[in-house]
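Please take a moment with the sequence and the model shown here before reading on.

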Amino acid sequence: MATERVPTGRSSLLLDQFDCAREMARARLTGLGDEEFLWEPAADCWSIRRRDEAATPRAFGPGDWVLDQGAPQIPASEYAEVARQAAGGMTGAKIAEDWGVSVERVEQVLGHTGPPEPDRTPVTTIAWRLGHLHYCFAGEWEWAFGERRQDPKLMVDFTPSAALALERFWAVIDRWRDGLATVTDEQLDTVGFSQYPYGSHPRDPFVDVLWGANLELIHHMAEIALLRDLWRTRFSARG
């Protein structure tokens, strides 16, 4: 019996995986409305909010709506990021401002003194998950295939409209896919092919960056799919 050929090259495998994830995501996002898009299934959710209503210390965006970011304290899982900020030349005061904590707390984190903060990952809305993916892929395209100059956190004008958010998101995803299709084996092995300013991309082979981008799309879309299921059954009687 004839079977469909499975791609074996590294770039072909990454592209095929991305295409499969994109196809499933499009199907799962069909029919998304504004109320569901912004639904907060728990207290203290992260979402998109009007700038003057931002609930987190590091919320960002270029327009009237911003994406929540920044816990009240620094969780243990983020200590390595704080260390990278310090190694990159940020002062303790600037790091404290960035995280919305005291300078003393930053010094404790850098000196590994004091108890670690509990790592309480926030519950997020579909709007937040989609907005997070949008700015990540917009920025990663800019710093790998584009001019490498725009701040990723200023590239996406967040919106409370599900239809508009999806229209803009799929345009960015399709552009990323076009770039991915052009990658050569030499580029896959190039350290620093992506100069994305947040994270370790400038120190990573590009194949690691692409693998991570696929994983980001897959796991956030899985979370969105679960939120859609919870929304659909939120008023169902318990068995």
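**From one methionine to the whole fold**

Met221 touches Ala25, Leu29, Leu130, Leu133 and Phe169 when residues up to four places away in sequence are not counted, where contact means heavy atoms within 4.5 Å. The model is predicted, so that local features need a pLDDT of at least 70 and side-chain atom pairs count only at pLDDT 80 or more, while totals for chains, interfaces and linings use all residues. Residues are numbered from 1 along each chain as its sequence is written, and side-chain values use heavy atoms, with hydrogens and water left out.

Met221 belongs to the largest nonpolar core, which has 49 residues and in which Phe37, Leu130, Phe137 and Met221 have the most contacts. A nonpolar core is here a set of buried Ala, Val, Leu, Ile, Met, Phe, Trp, Tyr and Cys residues joined through side-chain atoms within 4.5 Å; buried means under 20% relative accessible area, exposed over 50%, and partly exposed in between, with a 1.4 Å probe and protein chains only. At least two residues of this core come from each of α1 (10-28), β2 (65-67), α6, α7 and α9 (206-232), and α6 supplies the largest share, twelve residues. Helices (H or I, at least four residues) and strands (E, at least two) are DSSP runs numbered from the N terminus. Another core lies apart from this one and has nine residues, among them Tyr79, Ile95, Ala96 and Trp99. In soluble globular proteins, nonpolar side chains tend to be buried together.

The protein chain has nine helices and two strands, and along the sequence they follow the pattern α-α-β-β-α-α-α-α-α-α-α. The C-alpha trace spans about 65 × 55 × 35 Å along its principal axes. The protein chain has a radius of gyration of 19 Å, which agrees with the value near 18 Å that a compact globule of 239 residues would have; the radius is taken over C-alpha atoms, and the globule rule is 2.2 Å times the number of residues to the power 0.38. Of the 239 residues in the protein chain, 41% are buried. Among the contacts with a separation of 6 or more, 67% are accounted for by residues 24 or more positions apart.

The structure also holds one cavity of 30 Å³ or more, and about 90 Å³ of space lies in this largest cavity. On a 1 Å grid over the protein atoms alone, a cavity is a set of points where a 1.4 Å probe fits but cannot get out, and lining residues have an atom within 4 Å of a point; grid points are joined across faces, edges and corners, and a volume is the space filled by probe spheres set on the points. Thirteen residues line the largest cavity, and the closest to its centre are Gly131, His134, Phe158, Thr159 and Ala165. Two or more lining residues come from each of α6 (126-144) and α7 (162-180), with α6 giving the most, four residues. The lining divides into eight nonpolar, three polar and two charged residues, where Ala, Val, Leu, Ile, Met, Phe, Trp, Tyr, Cys and Pro count as nonpolar, Asp, Glu, Lys and Arg as charged, and the others, Gly among them, as polar.

His134 is in helix α6 and counts as buried because its relative accessibility is 10%; leaving out residues up to four places away in sequence, His134 touches Val156, Ala165, Arg168, Phe169 and Val172. Ala165, in helix α7, is buried at 11% relative accessibility, and beyond its neighbours within four places in sequence it is in contact with Phe37, Leu130, His134 and Thr159. Helix α6 also holds His132, which counts as buried at 13% relative accessibility and, with the neighbours within four places again set aside, is in contact with Leu67, Glu216 and His220.

Most residues other than glycine have a negative phi. Asp44, although not a glycine, has a positive phi of about 60°; Asp44 sits in the loop between α2 (34-37) and β1 (48-50) and counts as exposed at 70% relative accessibility. Arg148 likewise has a positive phi of about 60° without being a glycine, lies in the loop between α6 and α7, and counts as partly exposed at 31% relative accessibility.

How values were computed. On a 1 Å grid over the protein atoms alone, a cavity is a set of points where a 1.4 Å probe fits but cannot get out, and a pocket is an open set with protein on both sides within 12 Å along at least five of seven lines; lining residues have an atom within 4 Å of a point.
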